[in-house]
Amino acid sequence: MRVSGEIAIAPAVVAAEGESPFRRLVADFCESRLAVVGLVLFAAVAAVAILAPLVSPQNPYDLRQLNLLEGKQPPGSPSMAGFRFWLGSDDQGRDILSGIFYGLRISLGVGILSALIAFGIGILAGLTAAYFGGLLDSLIMRVVDIQLSFPAILIALILLAVLGQGVDKIIVALVTVQWAYYARTVRSSALVERHKEYVEAAHCLALSRGRILFRHLLPNCLPPVIVVVTVQVAHAIALEATLSFLGIGLPITSPSLGLLIANGFRYLLSGTYWISFFPGIALLIAIVAINLVGDQLRDVLNPRLQK
Amino acid sequence: MSEAPALVVEDLRTWFFTRLGVAKAVDGVSFTVRRGQVLALVGESGCGKTVTGFSIMRLVDPPGRIVDGHILFQGDDLVRVPEGRMRQFRGARIAMIFQDPMMTLNPVLNIETQMVEAVLAHATASRSEARRRACEALSMVGIPRPAERLRAYPHQFSGGMRQRVAIAIALLHRPDLIIADEPTTALDVTIQSQILFEAQRLCRELGTGLIWITHDLSVVAGLADEICVMYAGRIVERGGVDEVLDRPHHPYTRGLLGSVPSRNVRGQPLIQIPGMTPSLLSLPGGCAFRLRCPRADGVCLESPELTVGVNGHAIRCFHPHAGEAGT
Amino acid sequence: MTVFLIRRLLQSVAVLFVMSLIVFAGVYAIGNPVDILISPEADQGERERAIRALGLDLPLHQQYLVFLRKAVTGNLGESFVFSEPALGLILKRMPATLELALAAMVLAVVVGIPLGMWTGLYPGAPSSRTIMVGSILGFSLPTFWVGLMLIMVFAVMLGWLPSTGRGQTGTVLGVTSSIFTVDGLRHLVLPAFNLALFRIALIIRLTRAGVRETLLQDFVKYARAKGLRERRVIFVHVLKNILIPVLTVLGLELGGVIAFAVVTETIFAWPGMGKLLVDSFNHLDRPVIVAYLLLMVCMFIAINFLVDALYSVLDPRVRIVTRGT
């Protein structure tokens with residue numbers, strides 16, 4: 001309990017003209033310019049990824065559009081097809097900029113999809129553990145603890161060694177790596193919420209268990225989970241890129257940014273830096289943007305920092 | 001008592017500059033504490049009594065700040081002394097006891113560390129000498145087997161024991177003034193009376209002035225010599241404890257006394273003061289108690305001043321009661 | 001406390017069993033053990049002999065026992081590529097990886113904690129904001145890309161530091177390590193920093209959060225009320241409170257650092273276990289992969305156990321509570 005200097009301004013802070021909690025969240029969030037920048041950046045990146053075929057000067061995976069003679073052109077050079085290699089071209093004559101746009105699609109897509117699936121599984125597991133308690137709770141939490149004590153990359157490596165390569169296998173690996181965080185976070189919140197009065201009230205109204213879990217308990221557990229989601233999406237994207245870079249991740253048919261960077265690795269020492277450099281920057285922007293947003297969300301939603 | 005007073009607070013103002021406005025937690029508070037005397041600072045939560053205590057120690061955290069007033073202590077004005085000198089006062093000449101000793105003692109350090117550092121902060125001594133003094137202080141407050149207890153950690157003590165430790169720490173350097181901020185609120189009633197008894201005894205014996213901050217009037221009656229009733233950052237009534245408790249003049253004091261359960265007649269509904277403590281950011285104009293006061297009228301739209309009566313009994317009200325309590 | 005430790009020890013052994021089951025199931029049940037354990041270049045006759053020798057024609061639970069027995073004696077198969085026992089190969093490379101990992105951890109602590117405390121104590125200062133932005137970058141930048149950039153800047157453009165390999169080693173007190181030679185240090189700097197960057201960012205943020213939360217606690221105010229110097233308040237009262245969670249995280253991160261060395265070793269061609277692993281993936285040298293994974297799992301469980309033991313020593317509340325159980 002904190003006693004120091006309690007002054008009676010609480011009523012005024014909590015209910016300023018019947019402001020909804022969501023509105024206040026948005027207001028608090030926007031206090032950090034960095035976070036807003038992050039949000040805007042992410043929106044831009046996502047837009048570019050979704051609209052890749054429309055905004056790319058070239059489709060780098062259409063062999064007919066490629067010309068080996070245009071390989072390794074420095075950034076800014078003109079292309080024979082009439083556009084510019086704004087960020088240079090790689091050894092096959094592929095436009096780096098276009099490659100980035102298409103690569104973003106895959107990197108973001110895989111990252112977000114795996115995060116969402118892990119989110120779903122994790123929430124189910126966490127809610128179940130918290131609500132039913134007892135043996136089920138112990139069992140689920142044991143598994144979560146064990147999994148969380150191993151580094152993500154090791155788990156991913158084990159899975160990929162066993163399952164082999166492929167987009168779906170990568171997603172399975174990413175989901176497996178992430179679900180445990182969601183499960184644990186949701187369970188902690190749910191344990192606290194479970195004892196609150198509104199759950200009792202719902203019980204008394206003889207609402208079905210499912211209804212109680214999902215309509216009443218879940219929405220109140222969400223704030224800390226939202227923070228975890230942002231961090232995890234960034235991690236998933238970074239992990240996928242790392243695995244692809246190592247050659248263990250996505251196959252060449254689904255070139256993510258990691259693969260692009262790997263392609264350019266061998267040319268790095270000879271000065272043809274742009275093949276690795278720019279995809280790296282793109283990856284960086286996506287991840288930093290998500291982390292900026294997640295950071296501010298965490299500060300805003302952390303009850304212990306609210307004096 | 002014709003000696004110099006231990007502490008004189010004159011027109012102290014401590015304001016909090018928040019995003020939503022200025023909260024005047026302490027707005028023109030004045031009182032005097034004499035040596036060996038107990039002054040009770042009474043009021044509901046949020047009335048500014050704790051902030052007053054912290055202001056005297058100059059431990060007000062931002063966004064709060066002492067904006068005006070004087071705190072005269074042993075020839076210095078505590079509001080204006082440099083931080084280095086203030087640090088020399090803290091713990092040595094002025095000590096503070098907080099409300100919940102579980103939170104005020106560092107949970108990861110043992111009692112010995114926390115007491116020895118308190119000794120060494122203001123005295124040059126060897127560690128063993130400091131430990132000896134700590135032991136002595138612990139026995140003085142009635143803790144058995146002090147040498148063993150020193151090795152323990154805060155969570156191994158009961159609430160009452162922890163508070164005794166806090167008192168022991170406060171007394172290590174024989175301060176001239178102790179500020180006790182609701183030290184018994186977190187304890188059960190039986191322990192409470194023990195602590196109160198100890199505190200009173202020590203003050204009488206050592207001549208220490210004591211400011212006892214509380215919201216519990218029943219504690220005040222047996223303990224204090226003088227009482228200040230605070231409301232919304234200001235003192236609304238001040239005087240000798242018997243005087244104020246037997247003949248309360250301010251409607252708020254009456255309300256507080258009336259709402260003490262033991263004073264109510266069995267079977268009758270408990271008397272309450274209607275309404276709620278106002279937020280410091282949106283105080284009603286004029287007298288802050290106006291909206292809850294049964295005697296308020298148009299005059300109360302002005303802010304009343306503190307008028308001091310002939311026997312030192314001070315009131316801040318346009319319509320004070322004149323008679324006995326309960327009428 | 002001993003009860004607590006024994007319980008944790010038993011738990012660790014149990015987890016070890018479970019993990020060995022998972023790896024076993026992965027290799028023998030889900031994957032194709034013939035592909036995984038027998039060199040693809042073997043002809044039909046050799047293959048059949050190998051199948052019998054490895055017991056792949058036995059029922060599954062018997063295979064598991066064989067597997068366990070072999071694992072305990074250190075026989076985890078032979079590398080396809082090197083024709084040497086897989087475990088031996090890995091153990092030979094382990095010192096290099098450990099050296100890299102430890103260097104990275106030391107860097108993380110030495111740089112991270114002071115910076116974290118600074119930003120926690122003076123959150124508004126421009127230096128703090130810069131450090132925080134830097135920490136977000138350190139946290140978000142994929143390690144492999146940072147490695148590439150480090151090589152590009154320091155090796156190619158500036159030419160100050162070498163870009164690949166491990167330098168010369170020196171031996172002091174029976175310990176052989178690169179840190180004892182200047183050449184060795186020069187080779188160690190970039191990869192260690194690369195590996196450490198993420199952890200530095202993590203520790204800065206953890207320390208900062210810890211400091212900010214702790215400063216709001218009543219006991220800090222109380223320490224000041226006792227008249228203690230601000231320096232003591234920060235470095236004794238606040239620091240001890242935040243060190244416990246930070247060190248626990250660090251302990252757990254050690255394992256992560258060793259695992260993640262895979263990436264750094266690949267980029268900098270550092271001759272450790274990680275590079276071996278990646279090469280094995282690319283050459284489909286599965287026995288080595290299996291051996292590596294099993295070894296890492298063991299190491300992890302050991303590290304987690306040690307961290308738990310350390311935690312119970314550091315936090316008096318845990319120590320004393322468990323004494324009563």
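In the predicted model, chain B comprises eleven helices and twelve strands. The C-alpha trace of this chain extends over about 65 × 50 × 45 Å along its principal axes. The radius of gyration of chain B is 21 Å, which agrees with the value near 20 Å that a compact globule of 327 residues would have.

Where the two domains of chain B meet, 15 residues of domain 1 are in contact with twelve residues of domain 2. On the domain 1 side of this boundary in chain B, helix α8 (residues 189-206) gives the most, with five residues. The residues on that side of domain 1 of chain B comprise ten nonpolar, three polar and two charged.

Turning to chain A, the mean pLDDT is 77, and 87% of the residues score at least 70. Among the elements of chain A, the lowest mean pLDDT, 37, belongs to helix α1 (residues 10-14), and the highest, 86, to α5(A). Over residues 1-18 of chain A the pLDDT stays under 50, and for this stretch the model has 41 contacts beyond four places in sequence.

Helix α5 (residues 96-132) of chain A packs against helix α6 (residues 134-148) of chain A at an angle of about 145 degrees, with the two axes 7 Å apart, and the crossing of α5(A) and α6(A) is left-handed. From α5(A) the contact draws on A125(A), T128(A), A129(A) and F132(A), whereas α6(A) contributes G134(A), L136(A), D137(A), I140(A) and M141(A). By class, the residues of this contact of α5(A) with α6(A) are six nonpolar, two polar and one charged.

Between chains, 38 residues of chain C are in contact with 38 residues of chain A. On the side of chain C that touches chain A, at least two residues each are supplied by α1 (2-30), α6 (126-140), α7 (143-157), α8 (182-215), α9 (218-225), α10 (230-268), α11 (273-283) and α12 (286-314) of chain C. The residues of chain C on this side divide into 24 nonpolar, ten polar and four charged.

Definitions and conventions: Residues are numbered from 1 along each chain as its sequence is written. Chains are lettered from A and ligands numbered from 1 in the order in which they are written. This is a predicted model: local features need pLDDT of at least 70, side-chain atom pairs count only at pLDDT 80 or more; totals for chains, interfaces and linings use all residues. Two residues are in contact if their C-beta atoms, placed from the backbone, lie within 7 Å. Helices (H or I, at least four residues) and strands (E, at least two) are DSSP runs, numbered from the N terminus. Ala, Val, Leu, Ile, Met, Phe, Trp, Tyr, Cys and Pro count as nonpolar, Asp, Glu, Lys and Arg as charged, and the others, Gly among them, as polar. Axes are lines fitted to C-alpha atoms, for helices over the stretch in contact, and angles run from 0 to 180 degrees between N-to-C directions. A crossing is left-handed if the near helix is turned anticlockwise from the far one by less than a right angle, and right-handed if clockwise. pLDDT is the predictor's confidence in each residue, from 0 to 100. The radius of gyration is taken over C-alpha atoms; the globule rule is 2.2 Å times the number of residues to the power 0.38.
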